[in-house]
Amino acid sequence: MKGILRIACLAFLLCCTMEGFAQNGKTFLQFEGKEGPGKGKNVVLISGDDEYRSEESMPMMAKILSIHYGFNTTVLFPIEPETGNVVPSYQTNIPGLEHLKNADLVIMLIRFRDLPIDQMKHLEDYFKSGKPFIALRTSTHPFSIKDKDSPYAKWTWNSKVAGWEGGFGQQIIGETWVAHHGIHKSEGTRALIDGVDRDADHPILRGVDDIWAPTDVYSIKNLPSAANVLLYGQSTAGMTPEAPLMWDKSIMPIAWTKDYSLDGGKTGKVLGSTLGSSIDFQVEDMRRLIVNASFWLLDMPEVITPELNVGIVGKYEPTMFGFDSFRKGMKVADFK
């Protein structure tokens, strides 16, 4: 009996990693866009984070982009092959990355992934194309590649490879993991909007007036000077919107744009942000920031107005962030 179960598990793993076997509602979610300015464009949202519940926030944002604006959206998840469950702490499997081939935009919130080479190749091809992406919260440290002989070993978050110090996060997004600047689970983040970009009517900031997040501020030490900071974060003395600002703590960049290029690939644009836990997205202007950035990165700034609809589609009851706080036994279809 154990032998039969072992064979079944191996068969499921093979199905998860082979192109063509991915199934909507089984290994990924898709929402077909109807009418809207995004009609005909494809957005892939990648979850895979142990702590900040991106498996909950990415489907919610996918529905906003699809229902309100007509984008075709695909959501990918970290899946445990033995059970078929969505398990955020399972770091070596995100099936469905072949959807990146037809993607116009990627939104990701992943952390310390050690994906197999065939899955990493889909990511490499996308980033070499110079297409835009949005990297949220722990996506500053998205990869932790254990195999030192892997062609992607230099992508790891603490890489010491010359020219790739700090790995993918530092070299492509602008920063890797440094530290918590605020006290984790004790202090929140109040967004301070860059006044120069506000005065210049930067499209990403249109209608973005009030973001308070219960996640704490991350330390940023190595953001390149070419990055354009849109939001700074001030720590708050408590985890409520009314908590006072902690002026004794320095502010840190929490949202920025920059150009990137991967190993001779085309130049593209990225929005990096250290915001992004699932409960951050309960804030309307947090959702607005991502919708605005999606249109800006797709060279559609004329679509962006302060009144864009960022209303949640259906119910959204996010789980408090924390390790092992994810909902157990959940299948992909449960996140519809």
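Some notes for you follow.

1. This is a predicted model, in which local features need pLDDT of at least 70 and side-chain atom pairs count only at pLDDT 80 or more, while totals for chains, interfaces and linings use all residues. Residues are numbered from 1 along each chain as its sequence is written, and side-chain values use heavy atoms, with hydrogens and water left out.

2. On overall shape, a compact globule of 336 residues would have a radius of gyration near 20 Å, and the 19 Å of the protein agrees with that. The radius is taken over C-alpha atoms, and the globule rule is 2.2 Å times the number of residues to the power 0.38. Along the principal axes, the C-alpha trace spans about 65 × 45 × 40 Å.

3. The protein has six helices and twelve strands (DSSP runs numbered from the N terminus: helices are H or I with at least four residues, strands are E with at least two). Of contacts between residues at least 6 apart in sequence, 73% join residues at least 24 apart, where contact means heavy atoms within 4.5 Å.

4. Of the 336 residues, 58% count as buried (buried is under 20% relative accessible area, exposed over 50%, partly exposed in between, with a 1.4 Å probe and protein chains only).

5. Glu 55 lies in helix H2, residues 54-69, and is buried, because its relative accessible area is 3%. Beyond residues up to four places away in sequence, Glu 55 touches several residues, including Phe 77, Phe 326 and Phe 335.

6. Ile 94 sits in the loop between strands E5 (85-86) and E6 (105-110). With a relative accessible area of 1%, Ile 94 is buried. Not counting residues up to four places away in sequence, its contacts include Ile 46, Leu 76, Ile 110 and Leu 115. Its C-alpha atom is separated by 24 Å from that of Ser 261, 167 residues apart along the chain.

7. Is Lys 26 buried or exposed? Lys 26 counts as exposed, because its relative accessibility is 55%. This residue is found in the loop between helix H1 (2-17) and strand E1 (28-31). Leaving aside neighbours within four places in sequence, Lys 26 is in contact with Ile 79 and Val 332.
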